[in-house]
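Take a moment to turn the model around before reading on, and keep the sequence beside you.

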Amino acid sequence: MSESVVFPAPASAAALPTPLVVVDLVWPDQSNHHGTLFGGAALAMLDRLAFIMGSKALRGAVVTAAVGRLDFASPAPAGFAVECQARVLQRGRRSATVEASLTAEDLLSGERVHCLRGEFVMVRQAGTEPATAIAPEAADGPADGASPAGWARVAEIVFPGHANHRGVLHGGPAMAWMAKAGFVAATRQVRRSVVMAASERMDFVAPAVVGDVVEVTARVTGTGQRSVRVQVELWAESPVTGGRHRCTSAELVYVAVDA
C-alpha cells in the first residue's frame, strides 16, 4: 500500500522558506494566435517556481504530484514581463503545498494585472532523505515580496541542454539569463524601451552544474540621460543541500531608444 500523505498544521513563518518573487518575459513563440501567453507556458513557469520552493522546503529530489485550484483571470500579452510569486502553504514529512501566482506587467507603463493562481503539491521522491543543510552565502536584494523599480530577479534550473559534456553550465545560457534580468531592471527604472549597449565587465568565478537552481539578481546602479548601468549577479544553489555560491557577476549598460 502506498504511503498516505498527511499535512500537519502549517509551520511557523520562520520555519518555512521565505516567499520568492521572480520575473520572466513573454516571447512570441510562447504566445497563441491572439498574441497572449499560452496557458501551458504559464503553468510551466509556475511549476518551475514550485519545484524551486518545494526543494527549499523539503531539501531532496522533488517532483510535482498534483496541481489544483487553477484560476485563469487575465491573459499576459506578448512583450510583457510576468512576475511569478510563490510561497509554501503547508509542509509534511515528504510533501509540501506551494501557492504560486503570475502577474503580467507592462514594463513601459508599470501597469500590472493578475493572470493566474494555482496550488502545486511537491513530493520528495521515495528513497531520498532530507540532506544536511549547508549554510548558504548571502545575496543582496530587496525584501522578499518587493518589486521595486530598478531591480529584478530571474530564477532558472540548469538542465542538461544548458550544460557541457562535464555537466557544467555553458556561458551562453548564463549570459542570456543575466541579460534578461538586467533588461527588466533597466526598463523598470526608466519606463522606456531599452537595448543592451555594452557589457563592461563579466567575471566567472565558480561553476553551476546540472540540477542547480540559478538565481540572477539585477539592480540599477546609475542612470544618465539615456543610459542605465546595471549590476548583475548569478548565484547557484543546490536544491538538495541548500548550499549557495556566486558564479558570475557583470556590469551591463542599457540605452533607451525611441519608438
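A nonpolar core is a set of buried Ala, Val, Leu, Ile, Met, Phe, Trp, Tyr and Cys residues joined through side-chain atoms within 4.5 Å, where buried means under 20% relative accessible area. In this structure, which is a predicted model, the largest such core has 33 residues, and those that touch the most other members are Leu37, Leu46, Ala76, Cys84, Val88, Val98 and Leu102. Two or more residues of this core come from each of strand S1 (20–25), helix H1 (39–58), S3, S4, S5 and strand S6 (151–157), and the largest share, 10 residues, is given by H1.

Is strand S4 (residues 95–105) mostly covered or mostly open? The strand is mostly covered, for 11 of its 11 residues are buried.

Strand S3 (residues 81–91) runs antiparallel to S4 and is joined to it by 10 bridges, among which Val88 has Val98 of S4 as its bridge partner. A hairpin of 3 residues leads from S3 to S4. S4 also pairs with strand S5 (residues 112–124), again in the antiparallel sense, over 11 bridges, and here Thr103 stands opposite His114 in S5. The hairpin of S4 and S5 has 6 residues between the strands, and in it Gly110 takes a positive phi near 85°.

Now consider the empty space. Rolling a probe the size of a water molecule over the atoms shows where such space is left. A search of the whole structure finds 2 cavities of 30 Å³ or more. The largest cavity holds about 50 Å³ of space and is lined by Val22, Val23, Asp24, Met45, Arg48, Leu49, Cys84 and Ala155, a lining to which S1 and H1 each supply at least two residues. By class, this lining divides into 6 nonpolar, no polar and 2 charged residues.

The second largest cavity has a volume of about 30 Å³, and its lining consists of Ile52, Ser55, Lys56, Arg59, Val213, Glu215, Glu237, Ser238 and Pro239. H1 and strand S8 (213–223) are the elements that give two or more residues to this lining, which divides into 3 nonpolar, 2 polar and 4 charged residues.

There are also pockets to consider, and the second largest pocket contains about 230 Å³ of space. Of the 15 residues that line this pocket, Leu25, Gly79, Phe80, Leu107 and Phe183 are the closest to its centre, and the lining has 10 nonpolar, 3 polar and 2 charged residues.

Arg69, which lies in strand S2 (residues 62–72), has a phi near 55°, and Arg69 counts as exposed because its relative accessibility is 56%, with the cut-off for exposed set at over 50%. Arg191, in the loop between helix H2 (171–190) and strand S7 (194–204), has a positive phi of about 55°, and its relative accessibility of 30% is why Arg191 counts as partly exposed.

Key
Residues are numbered from 1 along each chain as its sequence is written. This is a predicted model: local features need pLDDT of at least 70, side-chain atom pairs count only at pLDDT 80 or more; totals for chains, interfaces and linings use all residues. Side-chain values use heavy atoms; hydrogens and water are left out. Helices (H or I, at least four residues) and strands (E, at least two) are DSSP runs, numbered from the N terminus. Buried means under 20% relative accessible area, exposed over 50%, partly exposed in between (1.4 Å probe, protein chains only). Two strands pair if DSSP finds at least two bridges between them. On a 1 Å grid over the protein atoms alone, a cavity is a set of points where a 1.4 Å probe fits but cannot get out, and a pocket is an open set with protein on both sides within 12 Å along at least five of seven lines; lining residues have an atom within 4 Å of a point. Grid points are joined across faces, edges and corners, and a volume is the space filled by probe spheres set on the points. Ala, Val, Leu, Ile, Met, Phe, Trp, Tyr, Cys and Pro count as nonpolar, Asp, Glu, Lys and Arg as charged, and the others, Gly among them, as polar.
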